Structures are given as C-alpha cells and as structure tokens.
Amino acid sequence: MNHSDELVGKAYDAKLMKRFFSYLKPYRLYVVIIIFLIITTTGISLLGLNLVAKALEYITDGKLAENEKVSFLIKFTAIYFLMQALKGILGYWQLYITNYVGQKVINDIRNQLYSHLQGLSMSFYDRNPVGRLVTRMTSDVENLAELFASGLIAFFVDIFLMLSICVMMFITDWRLALISLAILPALFAVTMIFRSKARQTYRDSRKQIAALNSYLQENVVGMAIVQIFRREKRNYDDFERLNHEMMVTNIKSLFYFALFFPSINLFFTISTALLIWQGAGSIMAGALTFPVFYLFWSYLQKFFQPIRDLGEKYNILQSAMASSERLFKLMDTPSDISGSAQGRIVDILRGDIKFRNVNFSYEKDNYVLKDVSFHVSPGESVAIVGLTGSGKTTITNLLLRFYDIQEGEILIDDIPIKDIDISSLRSKVGLILQDVHLFTGTVSENIKLGNSAITDETMESVIEYVNASEFISRLPGGFKSEVKERGATFSVGEKQLLSFARALAIDPKLLILDEATSSIDTETEQLIQQAMEKLIKGRTSIIIAHRLSTIKKADRIIVIHKGRMVEEGTHQELLAQNGIYTKLYELQYKMQNK
Ligand SMILES: Nc1ncnc2c1ncn2[C@@H]1O[C@H](COP(=O)(O)OP(=O)(O)OP(=O)(O)O)[C@@H](O)[C@H]1O
Ligand SMILES: [Mg+2]
C-alpha cells in the first residue's frame with residue numbers, strides 16, 4: 001500500500017541532484033570556501049608526500065655530512081609538523097562549515113515542506129497516513145543532511161584526490177604510473193557489479209522496512225484491540241515473518257559488502273606487487289631512486305583509501321536519492337483546492353448560505369451528496385439530521401472548503417464559494433467538531449489558538465458566557481493549567497465547552513456545529529444546551545444534531561438520507577408529514593424525550 005516508499009530510483013539522479021543543489025544557492029559563499037578548503041587540504045597532503053620523498057633523496061644522495069643531516073632532519077620535521085597542523089586546522093573548518101551549511105539547508109527544506117503540508121487539502125490527508133508524512137519530515141530529511149555532510153562533499157573530495165594522484169603519478173614517472181594503475185579497468189568492473197547488487201538488496205530492504213513500518217504503526221496504535229481480541233499470538237507470528245524477511249535481505253547485502261572490501265584489498269595488493277616488481281627492477285638498473293619509489297608507494301595507498309570507503313558512501317548516496325525523490329514528490333503535490341490563492345477577499349457580512357444542486361464525491365463516482373439544495377438565511381439556525389453516514393459532516397466539510405464540489409454551486413452571501421479567499425472564509429466560521437482536538441499548551445492557549453486579537457478579557461468573558469468558567473476555576477492552575485495528552489484529563493463535556501469558547505472567541509458570522517454523539521451527564525448536558533443557545537443567537541448556524549433538545553431549538557430541520565435532502569420543516573411539520581423524519585424520531589430521538 002505504501003507505493004511511494006517502494007519507489008527507489010537510481011543511486012545517482014542528475015535531476016534530483018540539480019534540485020538539491022538549488023537549495024545551496026543562499027550559501028554560495030560557504031560552498032566556495034568549502035571547495036577552497038578541500039583543494040588546500042588535498043594539496044597539503046600531496047605536498048607532504050612529495051616533501052618526504054624529497055627529504056629522503058636529499059639525505060641519501062651522500063652530499064651531506066653527518067651533523068648536517070641531523071640539523072636538516074630537525075628542520076624538515078618541524079616544517080612537516082607545521083604543515084600537518086595547518087591541514088588539521090583547515091580540516092576542522094571544512095568539516096564545521098560543511099555540516100553547518102548542511103543543517104541550514106535541511107532546516108530550509110523542512111520549513112518549506114511544513115508550510116506546503118499546511119496548504120494541502122483534506123483529500124490529501126485522506127490518502128496519506130500520518131506515519132508516512134512524519135517519516136518524510138524526519139528521517140527522509142535527515143538522509144539528505146547525511147548526504148550533504150558526509151556523502152556528497154566527501155565524494156567530491158575523493159574524486160578530486162584520486163584525479164590529483166593520477167596526474168602526479170604520471171608527471172613523476174609515467175611508465176611506473178601505467179603499471180601501478182594497470183588493474184583500474186578490473187577494479188572498475190568489480191565496483192560496477194557491486195553497485196548493481198547493492199542496489200537490488202537496497203530496494204528489497206526498503207520494501208521490507210516499509211511493510212514493517214506500516215504493520216507496526218497499525219498494530220501499536222491498535223494495541224487495545226489486539227489485546228481485547230487476544231490476537232497477540234497471531235500478530236506476533238506475522239511480525240516475526242516480516243522481521244525474518246528483513247533479516248534475510250540484510251544478511252544478503254552483508255554478503256556483498258563483505259565480499260567487496262577484501263576484493264578491493266586484493267586489487268591493492270596486486271597493484272603494490274606490480275609496483276615492487278617493476279620498481280625494484282628499475283632501481284637495480286639505476287633508472288629509479290628509492291625516494292621516488294617510496295613516493296609512488298604512498299600515492300598508491302592514498303589512491304585506494306577512497307575506494308575502500310566507497311561501499312559506505314554508496315549506501316548514503318542511495319538512501320539520500322530515494323529520500324529526496326520522495327521529498328520532492330511531496331513538495332510538488334498540488335493542493336486539490338483550486339484557486340485558493342486568487343480568491344477574492346470578502347468578509348462574510350450576512351452569513352447567507354445557498355446550496356444549489358450540489359453533487360459531491362470523495363472518490364470518483366461514489367457520490368456522497370446528490371442534488372442537494374437548501375437555503376439558510378442570515379441569522380437562521382438550521383439543524384441537519386440523518387442516519388449515520390448519510391452525508392451530514394460532508395456538508396460542513398464543503399462549507400469550509402476542505403473539498404471542492406464536482407457539480408452544482410455553493411454560495412455564501414451570494415458569492416460562489418470558489419471565489420472567496422479560503423483564509424478569509426475560514427476566519428469567519430466558527431467550527432465545533434464532534435471530536436474536540438486540544439493541543440499541548442495551557443487552557444487559554446487552546447482557546448486563543450495564537451490569535452493575538454483575542455484579549456484576556458474577551459477570553460474570560462466567552463468562557464463565562466459558555467458556562468465553562470466553573471470547571472476551569474476548579475482546575476489547579478485555572479487558565480494556565482496545562483492540557484495533557486490531547487486533553488485526556490478533560491471529560492467529553494468539558495472539552496465541548498472549551499471548543500464552544502474557542503469558536504465564540506473569534507466572534508464568527510457563521511457557526512457550524514457537529515454535535516458530539518457521546519453521552520454526557522445531565523448536568524453538563526444542561527450547561528452545553530444553555531451555551532449552545534447563546535452561541536447561535538444572532539448568527540447563521542448549521543447544527544448537525546444528535547439530540548432532540550437541540551433539534552427542537554432550531555428554526556428549521558433538514559433531513560438528509562443517503563446523500564439526498566428528503567425533508568425540510570420544523571419538528572412539528574416534519575412529524576405531521578409522517579416520513580423519514582418520523583421514523584428517525586421513533587428510532588433515535590424519542591427515547592431521549594424524557
Ligand atoms: N474522507 C472521506 N473519504 C471518502 N469517503 C468518505 C470520507 N468521509 C466520509 N466519507 C463517506 O461519505 C459518507 C458520508 O459521510 P459523513 O461523514 O458525511 O456522514 P455523517 O452523516 O456525518 O455520519 P455521522 O452521523 O456518523 O457523523 C459515508 O459513507 C462515508 O463513508
Ligand atoms: Mg458526521
């Protein structure tokens with residue numbers, strides 16, 4: 001089901017790289033400094049090797065007296081030490097600046113991603129599980145940071161170093177260079193084979209991780225159900241199978257890695273043997289000095305070091321490519337809600353709502369609302385009733401423009417809803433949902449929700465107004481009490497009252513209330529009913545009602561059945577019709593009528 005997690009492209013994709021590099025633009029200066037540092041430290045390394053060879057030559061050519069040799073060696077050692085110290089300092093800065101830029105870039109990407117997520121429509125969230133999005137924001141972004149900090153730069157350093165060594169070898173002695181590097185084609189072939197094998201196992205392991213993740217997510221979240229239905233044994237077996245498959249794949253990839261390193265060593269040994277064989281011959285023939293031979297030998301060692309690290313870097317590169325592909329895909333997901341930005345900014349002044357022949361489906365042809373038309377006049381309160389799944393919440397989703405309709409028209413103050421700026425629309429609507437979502441923070445933060453226009457006085461007066469002051473004053477910290485674990489410490493009724501206060505604090509023109517279905521004790525119920533009455537006074541309100549007492553207070557009732565509007569009128573009128581409402585009343589509401 002997690003297609004995008006299995007989507008693993010190439011290990012190196014120029015297009016992705018180009019896009020990734022575009023994030024470096026603001027840090028151009030740093031990149032220039034990093035490149036300068038890389039070139040300098042590589043230069044110092046190679047220069048060091050050359051100096052040692054030169055010193056050996058100078059000492060062994062017999063022109064120096066013994067005491068001169070000692071003072072030369074002291075001087076040489078001092079210079080060599082200073083050079084290495086300088087290299088160390090430059091290396092420190094290279095590492096620091098690289099990681100600094102890496103963190104900056106990652107920070108930018110994460111911010112951009114989060115702001116993009118906030119603009120995506122609800123239908124996007126219907127399709128994408130939370131776990132996946134969290135993975136994008138955390139581990140995928142971190143993979144990119146890793147690529148930048150240890151993979152990418154090191155990769156260029158290595159290429160640069162290897163090329164420089166090749167050039168130096170050919171300049172020093174091209175014949176010896178040719179012989180020492182004779183195994184390069186074979187080395188290249190082995191690396192290619194390793195690459196393709198590593199890619200395959202990497203793909204398999206990504207797939208298995210995705211499967212394991214979604215399995216874990218589902219079953220850890222549903223642990224209560226697992227335990228109640230005593231599925232522990234069966235789930236354990238499923239888990240064990242997934243876990244085992246992952247282990248087998250990982251062991252397979254271990255095999256390739258284990259094979260790769262010794263074979264690189266073998267090549268190194270062959271190269272060294274060739275060098276010794278050819279070099280010793282040349283030395284004996286007087287065509288080569290020992291210091292030059294030593295120089296070659298150190299070059300060869302330096303040349304093979306990056307190849308040894310290749311396996312690890314290849315891994316980093318591969319996972320970073322996969323991550324960036326997924327990240328950019330997410331970043332490119334358009335919001336399904338069209339024209340949200342271009343919409344006219346209009347303040348809802350009257351709160352007049354018209355639905356005209358609205359047809360809507362969440363998925364393709366599976367229509368949830370069919371030919372729905374109604375009109376709510378300013379200041380009127382309308383209750384929507386219907387069986388579960390009939391489409392009541394859907395109507396409110398459309399009014400808030402969480403989704404766009406396929407056919408028909410929704411007008412607010414006689415302006416098509418698509419022409420209204422989304423943010424201005426939502427700022428005028430007070431929404432109270434079936435499930436109240438509380439954030440971590442204090443009670444007052446949960447009512448204000450960061451809106452600086454709401455003063456403490458306003459907040460206190462709305463709390464008083466919706467009958468919430470009594471229970472809040474009973475809390476140990478009053479308004480400043482911390483909300484724990486999404487409000488687990490509050491009762492359902494208390495959360496309702498808080499959400500009333502939250503909606504009222506913005507003084508909305510339009511009130512949408514999806515009444516909670518859970519039962520509440522009679523005392524709280526009364527508080528809620530009173531609060532609701534105050535809330536709807538002077539506002540256009542649409543109330544999805546589950547309680548008879550709420551329905552009776554509405555000016556008008558709309559009955560929705562299987563996505564169609566079937567009846568409309570007051571409680572008495574509808575009862576007199578003896579239709580679906582009457583049946584609903586008999587089934588659901590009558591028993592509440594104490
Ligand atoms: N995000 C969604 N994606 C796909 N289908 C959905 C989605 N939300 C709801 N539906 C479907 O649309 C239909 C109407 O759902 P809706 O939530 O509007 O019902 P409701 O009348 O509010 O029910 P309840 O009284 O239980 O809250 C249902 O068949 C439901 O399965
Ligand atoms: Mg609902």
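**Entry 1: the model**

I am working from a predicted model, and I kept that in mind throughout.

**Entry 2: the nonpolar patch**

I started at the surface. Which residues form a nonpolar patch there? I found Tyr30, Ile89, Tyr92, Trp93, Tyr96 and Tyr100, which together have about 620 Å² of accessible area.

I then picked out Trp93, which sits in helix H4. Trp93 has a relative accessibility of 40%, so I noted this residue as partly exposed.

**Entry 3: salt bridges, the overall count**

A friendly reminder to myself: side chains of opposite charge can pair when their charged atoms come close. How many salt bridges does a search of the whole structure find? The search gives 19. I looked at a few of them in turn.

**Entry 4: Arg19 and Asp332**

The side chains of Arg19 and Asp332 form a salt bridge, at 3.0 Å from N to O. This pair links distant parts of the chain, 313 residues apart. I placed Arg19 in helix H2 (residues 14–22) and Asp332 in the loop between helix H11 (290–331) and strand E1 (353–361).

**Entry 5: Arg556 and Glu380**

Here I found a salt bridge of 2.8 Å, N to O, between the side chains of Arg556 and Glu380. Arg556 belongs to strand E11 (residues 556–561), while Glu380 is in the loop between strand E2 (367–376) and strand E3 (381–385), so the pair ties together parts that are 176 residues apart in sequence. I checked burial too: Arg556 and Glu380 are both buried.

**Entry 6: Arg539 and Asp507**

Arg539 and Asp507 form a salt bridge whose closest N and O atoms are 2.7 Å apart. I located Arg539 in the loop between helix H18 (522–536) and strand E10 (540–544), and Asp507 in the loop between helix H17 (492–505) and strand E9 (510–514), so this pair ties together parts 32 residues apart in sequence.

**Entry 7: a network**

Notes: Residues are numbered from 1 along each chain as its sequence is written. Chains are lettered from A and ligands numbered from 1 in the order in which they are written. This is a predicted model: local features need pLDDT of at least 70, side-chain atom pairs count only at pLDDT 80 or more; totals for chains, interfaces and linings use all residues. Side-chain values use heavy atoms; hydrogens and water are left out. Patches are made of residues with over 30% relative accessible area and no salt bridge: like charges are joined within 9 Å, nonpolar side chains (Val, Leu, Ile, Met, Phe, Trp, Tyr) within 5 Å. Accessible areas come from the Shrake-Rupley method with a 1.4 Å probe; for residues, only the protein chains shown count as cover. A salt bridge is a side-chain nitrogen of Lys or Arg within 4 Å of a carboxyl oxygen of Asp or Glu. Helices (H or I, at least four residues) and strands (E, at least two) are DSSP runs, numbered from the N terminus. Buried means under 20% relative accessible area, exposed over 50%, partly exposed in between (1.4 Å probe, protein chains only).
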